[in-house]
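Hello,

Here is the structure I said I would pass on. My notes on its ring pairs and its core follow below.

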Amino acid sequence: MITMPVVEQSVVIARPASEVWEFLADAANWPSWEASIVECEQVTDGELGVGTRWRGVNRILGKRIDWGTEFVEHQPGKVATSKSVEGRLGFTATTKLEEVDGGTLFTYRVDSESGLGGVFGKLADPIVAKAYSRTMRASLDNLADLLTVDS
């Protein structure tokens, strides 16, 4: 049985969920906090919703990974899920927001369909997943700091 890498991290952000959601719903904001994303843009017109497409570039362990996603789930202020529709790496990314004491619990999860090491080689999966997990942890801390700097 092949298990596909899952990387999931959470952070509490001292802001209401509506404000966190508003920030996350803008593709242009992602490179400001998500350390592996170097480019991100919405390529379809209109507000974020099911069917919206984003395109971007990640850099993981020095390797450029181009991707395109389409949102398949969208519950404003609560959850959004996108699936890759372009690029060499198949993945699903889910963001969830939950009101908690002290602000908003933000959970970010990436499920890799072919293994995160697919671009590097199957044997690299555990190494790439561990490195990406560390990057995601730092990214969520960056997001929390960025959104609470003026609070």
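**Aromatic pairs and the core**

The count of aromatic pairs in this structure comes to 8. Please keep in mind that the model is predicted.

Two of the pairs involve Trp30. With Trp54, Trp30 forms an edge-to-face pair, 6.0 Å centre to centre and with 75° between the planes. This pair links distant parts of the chain, since Trp30 sits in the loop between α1 and β2 and Trp54 in strand β3, 24 residues apart. Both Trp30 and Trp54 are buried.

With Tyr108, Trp30 forms another edge-to-face pair, at 5.5 Å centre to centre and 65° between the planes. Because Trp30 lies in the loop between α1 and β2 and Tyr108 in strand β7, the pair ties together parts that are 78 residues apart in sequence. Tyr108 is buried, as is Trp30.

Ring pairs join Trp30, Trp54 and Tyr108 with Trp33, Phe71 and Phe106 into a cluster.

Which residues touch the most other members of the largest nonpolar core? They are Leu24, Trp33, Phe106 and Tyr108, in a core of 34 residues. Elements that each supply at least two residues of this core include β1 (6–13), α1 (17–24), β7 (103–112) and α2 (125–148). The most comes from α2, with 7 residues.

Phe106 also has contacts beyond its neighbours within four places in sequence. Among them are Val11, Ile13, Leu24, Trp33, Leu97, Leu140 and Leu143, along with Gln9, Ser10 and Lys96.

Regards

Notes. Residues numbered from 1 in each chain as written. Predicted model: local features only at pLDDT ≥ 70, side-chain atom pairs only at ≥ 80, totals over all residues. Heavy atoms only, no water. Core = buried A, V, L, I, M, F, W, Y, C linked by side-chain atoms within 4.5 Å. Buried < 20%, exposed > 50% of the residue type's maximum accessible area, 1.4 Å probe, protein only. Helix = DSSP H or I, 4+ residues; strand = E, 2+ residues; numbered from the N terminus. Contact = heavy atoms within 4.5 Å. Phe/Tyr/Trp six-rings, centres within 6.5 Å; stacked < 30°, edge-to-face > 60°.
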